[in-house]
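Let's take a walk through a protein model together. Keep the picture open beside you and look for each spot as we reach it.

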Amino acid sequence: MQILNGKEASQAIRDALKLEMAQLASRGERVPHLVAILVGNNGASETYVASKVKACEEVGFKSTLIRMEEAISSFKLLDVINDLNLDPDVDGILVQLPLPNHISADEVINSIEPEKDVDGFHPNNVGRMVLGQPTFIPATPYGILLLMEHYKIETKGKHAVVVGRSNIVGRPMSILLSGSGYPGNCTVTICHSNTQNLEAICSEADILIAALGRPGFIKSHMVKKGAVVIDVGITRIEDKNRKSGYRLSGDVDFENVAPKAAFITPVPGGVGPMTIAALMKNTFKACAMKHYYDEKEN
Ligand code: NDP
């Protein structure tokens, strides 16, 4: 069994980006600028946004964190996004999800300029992804593809089972793995809460992607010997022995599944850091695209 070390793989991506940044600086070009919007005080969201801002600093991007009160109106939030859409100094805009119930996440996502939608959630970008056209791939599935690439995981002809069909993880993951090229060319089964015989389907997977948000859900008997197991889940479990008061748990019963798997991601230190590295790559791409079109216009 080999651990798919997301910390290590993401560091390689960040190091490569740092080199690109040095080249950018030598040409006197503007550095990429990511703006993150955080609404409310959700503890997990705070942590995720802080990691994204920190990663920007590490690779040499500019970042801005806009905090908004939980009670902010939808109108005000859309107004701020509109200003960012028009700001030539901003390359990437991300709105940390989940949003408070009174705000429609769809409306907010749809309001982001597709060229600045570095999360890849805008319908234009999702459409391009489905068609296999160049676009921003949502950060978590993109991070998983990068992790597979880093470890040269064989995907062609494999049966991939994705558990979870959310718009940000499961669904795009299933589309990407079924696409042609590498990593891809898989035969994909996507599962959800209405799937029957889930255990049997999982146990037939060469590549099993767990993205359901249920700690320890994937047990050893659900995993084929020699499978590649990617654990996307991150759930905070109360733990009074920790200073933070919680520990993180993935969707896979790691201890019992790991001995059966050929490759497996840990939680934390697997998909999480890759998601952030993928976001950095998308932000760099947004900036590079802007330079390209600006030069074409002038
Ligand atoms: P959602 O809650 O949006 O989606 C969960 C999906 O899992 C749904 O499609 C749901 O089915 C399915 N599901 C739930 N229970 C079962 C079950 N018993 N059997 C089969 N399917 C089930 O979650 P997300 O996709 O946003 O996130 C999933 C997990 O990944 C979470 O733990 C989240 O914290 C983590 N995450 C981690 C990231 C990272 O960077 N590592 C990034 C994003 C998320 P149905 O559609 O029928 O309800």
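Predicted model: local features only at pLDDT ≥ 70, side-chain atom pairs only at ≥ 80, totals over all residues.

**A walk through the model**

Glu58 is partly exposed, with a relative accessibility of 32%. What does Glu58 form a salt bridge with? The partner is Lys18, and the closest N and O atoms of the two are 3.2 Å apart. Now check where the two residues sit: Glu58 belongs to helix α2 (residues 43-59) and Lys18 to helix α1, so this pair ties together parts that are 40 residues apart in sequence.

Stay with Lys18 for a moment. Lys18 also forms a salt bridge with Asp15, and here the closest N and O atoms are 3.8 Å apart. This second pair sits within helix α1, which covers residues 6-26. Because Lys18 and Asp15 are 3 residues apart in that helix, about one helical turn separates them.

Next, hop along helix α2 to another pair. Glu46 forms a salt bridge with Arg67, with 3.0 Å between the closest N and O atoms. Glu46 is in helix α2 while Arg67 is in strand β3 (residues 62-68), so to speak a link between distant parts of the chain, 21 residues apart. Glu46 is partly exposed, with a relative accessible area of 24%. How many salt bridges does a search of the whole structure find? It finds 12.

Met1, Ile3 and Phe254 form a nonpolar patch on the surface, and together they have about 260 Å² of accessible area. One of them, Ile3, lies in strand β1 (residues 2-3). Ile3 is partly exposed, at 32% relative accessible area.

Let's zoom out. The protein chain is divided into domain 1 (28-113) and domain 2 (139-272). Their C-alpha centres lie 27 Å apart.

Is His122 buried or exposed? Find this residue in the loop between α4 (105-111) and α5 (123-130). His122 is buried, because its relative accessible area is 8% and the cut-off for buried is under 20%. Look at what surrounds His122: setting aside neighbours within four places in sequence, His122 is in contact with Ile109, Asn110, Ile112, Pro114 and Asp117.

Our last stop is helix α6 (residues 139-150). How many of the 12 residues of α6 are buried? The count is 10, so the helix is largely enclosed by the rest of the structure. Among the buried residues of α6 are Ala139, Tyr142, Gly143, Leu146 and Met148. Just after α6, look for Lys152, which takes a positive phi of about 50°.

Definitions and conventions: Residues numbered from 1 in each chain as written. Heavy atoms only, no water. Salt bridge = Lys/Arg side-chain N within 4 Å of Asp/Glu carboxyl O. Helix = DSSP H or I, 4+ residues; strand = E, 2+ residues; numbered from the N terminus. Buried < 20%, exposed > 50% of the residue type's maximum accessible area, 1.4 Å probe, protein only. Domains from an automatic or database assignment. Patch = residues over 30% accessible without salt bridge, like charges linked within 9 Å, V, L, I, M, F, W, Y side chains within 5 Å. Areas by Shrake-Rupley, 256 points an atom, 1.4 Å probe, with all protein chains shown as cover. Contact = heavy atoms within 4.5 Å. Expected span 1.5 Å × (residues − 1).
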